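Here's a quick tour for anyone meeting this structure for the first time. Have a look at it, then read on.

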Amino acid sequence: MTDRLDLDVVLNDLPHWRAEAGDRPAIRRDLKFADFNAAFGFMTRVALHADKADHHPEWSNVYDGVQIVLTTHDAGGVTHKDVTLARFIDEAAAAMGGK
């Protein structure tokens with residue numbers, strides 16, 4: 001099992017993320033892109049990376065918006081896997097115009 005991290009420490013290192021409300025520790029980021037194509041392109045880029053890492057986000061998309069929640073289910077909270085994926089998401093969002 002992967003070790004859970006302290007959510008406050010994680011959020012100090014990830015300024016674009018916030019704690020997700022709910023019954024398990026998780027982090028969340030909401031993004032806006034220029035249009036649907038840009039949002040979908042971003043999701044594709046993240047999906048390819050996440051699949052290689054075998055760690056997948058919970059997410060949804062409506063037109064130009066993408067909502068992402070990260071948690072490690074088998075650890076019951078946020079782990080290094082989530083932090084690593086969040087950092088990739090931040091880099092991909094910045095490169096693709098996400099705000």
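## Contacts along the chain

In this predicted model, 64% of the contacts in the protein chain with a separation of 6 or more come from residues 24 or more positions apart.

## Overall build

How does the radius of gyration sit with a compact globule? For 99 residues, such a globule would come in near 13 Å, and the protein chain has 13 Å, so the two agree. Its C-alpha trace spans about 35 × 25 × 20 Å along the principal axes.

## Around strand β4

Strand β4 takes in residues 65–70, and five of its six residues are buried, so to speak mostly covered. For the protein chain as a whole, 41% of the 99 residues count as buried.

Which strands pair with β4? One is β2 (residues 27–32), antiparallel to β4 and joined to it by six bridges; here R28 stands opposite V69. Another is β3 (residues 58–62), also antiparallel to β4, with five bridges. In that pairing, W59 has I68 as its bridge partner.

β3 and β4 also make a hairpin, with two residues between them. Y63 sits in the turn and has a positive phi of about 50°.

## Surface and charge

The protein chain has an accessible surface of about 5700 Å², and carbon and sulfur atoms account for 52% of that.

As for charge, there are 11 positive and 16 negative side chains, with the centres of the two sets 4 Å apart.

Note on methods:
Residues are numbered from 1 along each chain as its sequence is written. This is a predicted model: local features need pLDDT of at least 70, side-chain atom pairs count only at pLDDT 80 or more; totals for chains, interfaces and linings use all residues. Side-chain values use heavy atoms; hydrogens and water are left out. The radius of gyration is taken over C-alpha atoms; the globule rule is 2.2 Å times the number of residues to the power 0.38. Buried means under 20% relative accessible area, exposed over 50%, partly exposed in between (1.4 Å probe, protein chains only). Contact means heavy atoms within 4.5 Å. Accessible areas come from the Shrake-Rupley method with a 1.4 Å probe; for residues, only the protein chains shown count as cover. Lys and Arg count as positive and Asp and Glu as negative; His and the chain ends are not counted. The place of a charge is taken as NZ of Lys, CZ of Arg, CG of Asp or CD of Glu. Helices (H or I, at least four residues) and strands (E, at least two) are DSSP runs, numbered from the N terminus. Two strands pair if DSSP finds at least two bridges between them.
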